[in-house]
Amino acid sequence: AAHVKAEAEAAEIEAARVKAEAEAAEVERLRVEEEVRVKAEAEAAEVEATRVRAEAEAAEAELVRVKAEEKRFAEAAEAERIRVEEEAAAERAEAERVAREAEENKLVGEAAAAAEAEAEAERE
């Protein structure tokens, strides 16, 4: 009977050891599972950070493009303003030239009329 009791106690001890090993294995499995989960979250966070960086770079590129476009528009507007001013100056210069020509023609006409009147007076 003592022999059977000793074997039963030995079996209980072995069962307790196996149970403790199973619990330790379960704890290790949970630790590894948590480690895998944390690693996956870190990788997902890195992917998200990469996506956000790419979006920021795209936004920066768009800003540079818009600023370049604004600069081109401003330069085109300035060139058009200068062209219009030059055209207006040329038109003013032409108007002044025409006015001078008209004044010269008027003076020549008056001189011719005076000469003709003088010639007429001499004939009489």
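Entry 1. I kept in mind that this is a predicted model. I searched the whole structure for salt bridges and got 20. Oppositely charged side chains can pair when their charged atoms come close.

Entry 2. I started with Arg-17. Which residue does Arg-17 form a salt bridge with? I found Glu-14 as a partner, with 2.4 Å between the closest N and O atoms.

Entry 3. Are Arg-17 and Glu-14 buried, exposed or partly exposed? I noted 38% relative accessibility for Arg-17, so this residue counts as partly exposed. Glu-14 has 37%, so Glu-14 is partly exposed too.

Entry 4. A network of salt bridges links Glu-14, Arg-17 and Glu-21.

Entry 5. I moved on to Arg-81, which forms a salt bridge with Glu-78. The closest N and O atoms of this pair are 2.4 Å apart. Arg-81 and Glu-78 are three residues apart in helix H1, so about one helical turn separates them. I read a relative accessible area of 38% for Arg-81 and 36% for Glu-78; Arg-81 is partly exposed, and so is Glu-78.

Entry 6. My last stop was Arg-53, which pairs with Glu-46 in a salt bridge, with 3.3 Å between the closest N and O atoms. Arg-53 is partly exposed at 44% relative accessible area, and Glu-46 is partly exposed at 45%.

Notes. Residues are numbered from 1 along each chain as its sequence is written. This is a predicted model: local features need pLDDT of at least 70, side-chain atom pairs count only at pLDDT 80 or more; totals for chains, interfaces and linings use all residues. Side-chain values use heavy atoms; hydrogens and water are left out. A salt bridge is a side-chain nitrogen of Lys or Arg within 4 Å of a carboxyl oxygen of Asp or Glu. Buried means under 20% relative accessible area, exposed over 50%, partly exposed in between (1.4 Å probe, protein chains only). Helices (H or I, at least four residues) and strands (E, at least two) are DSSP runs, numbered from the N terminus.
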